[in-house]
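Please look over the sequence and the 3D structure below.

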Amino acid sequence: MSLASSEFESRVNISHSHLQCILEHAFQHTEGHKAVLVYDQQCELSRVLSAAYRLCLPNALCIDFDLTSPYDILQTLATLQSSDLAVLVQSTNFRLEAYRLRVELFKQGLKVIEHPHLGRMEGAEIDYYIDALAYDPNYYRVVGRKLKEKIDQASHGVVDSDGAQLIFSGKFESAKLNVGDYSEMKNVGGQFPIGEVFTESVNLEDVHGKVRVFIFGDTTFSINQPEKPITLIVEKGQVIGTEDSTPEFDQVLTNIRADDGVVWVRELGLGMNRAFSKDRTVRDIGTYERMCGIHLSLGSKHGSYAKPHIKRGEGRHHVDVFAVTKSVIFGDEEVYRDGHWVV
């Protein structure tokens, strides 16, 4: 066996173990329900995951996206019944006519697992991604719910950014969970890897202070890691200045201001996935968003929370930035310290 084939087989086996746990504990998928796997083979990670899913779902109907017409794919997916499973393994993001595929599948009542933009992960990032698929129900569900409790009860909060403090002086929106527990949710599934609790200030103007950012999402939806953290200066919920910025980050802010008028700080994201860290990164920003620590979104756009002064669909930008985080406090209780959630 060649070194390349040995590495591939090892990655498939590890993925198989993680995905089997997701299917059992998060999706409660049984042989009594049908499954369809739609995949491509354009990158190493998509080949690994599609092979692993074949092992997990031996009776699934498997469709190679590049060898099948959009009409035939949609016709096959249309035959699935409520609580059946659709798995999408994508090097980029499948486009089928005007459909936003995951949304349409949710409308059918299907369980959906989506792995988009796999082609952005290469080399060691493939292994980080596979590690991020490990599903520990006790960690995600217990810690996730405790974090939600603290957020929902808190009258204020602080992100200590190791030399800077971002202060949330008012209450938070009811926190939402992405921890693989769909028992109280309308839709079952979403984008993987998972691991996040998120909220935002009820009154965006209650946010002020400074926060140091070590990674941000650039204009290509890839992570950008400047040599030195960038400090954001926030007043009344808006970024009004920076310290140690870079031309690339300045361009992000310019784009937001051009379309949204101002740069609001919206989402406060509590990433829980311990496979991603400051040193274990992946290029795709939508994947890295689960990184164990704090991320914020810049721009007016947020689909989960309505604000009286921002009409739904009005904002164009939602740019994730990742904070150097020493400590996180909700109310009078510290919930994050030394790189770990401590609830």
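Glu44, Leu45, Val48 and Leu49 in helix H2 meet Ile126, Tyr129 and Ile130 in helix H5, where contact means heavy atoms within 4.5 Å. By class, this contact of H2 with H5 has six nonpolar, no polar and one charged residues. This is a predicted model, in which local features need pLDDT of at least 70, side-chain atom pairs count only at pLDDT 80 or more, and totals for chains, interfaces and linings use all residues. Residues are numbered from 1 along each chain as its sequence is written, and side-chain values use heavy atoms, with hydrogens and water left out.

**H2 and H5**
- The axes of H2 (residues 44-56) and H5 (residues 124-132) come within 10 Å and cross at roughly 35°; axes are lines fitted to C-alpha atoms over the stretch in contact, and angles run from 0 to 180 degrees between N-to-C directions.
- Helices here are DSSP runs (H or I, at least four residues), and strands are runs of E (at least two).

**Arginine 11**
- Arginine 11 lies in helix H1 (residues 3-26).
- Arginine 11 is buried, with a relative accessible area of 7%; buried means under 20%, exposed over 50%, and partly exposed in between (1.4 Å probe, protein chains only).
- Beyond its neighbours within four places in sequence, arginine 11 is in contact with residues including Glu44, Val48, Ile126 and Ile130.

**Helix H7**
- Phe249, Val252, Leu253, Ile256 and Asp260 in H7 are buried.
- On the other side of H7, Pro247 and Ala258 are exposed.
- Strand S10 (207-217) and strand S12 (230-235) are among the elements covering the buried residues of H7.

How values were computed
Nonpolar A, V, L, I, M, F, W, Y, C, P; charged D, E, K, R; others polar.
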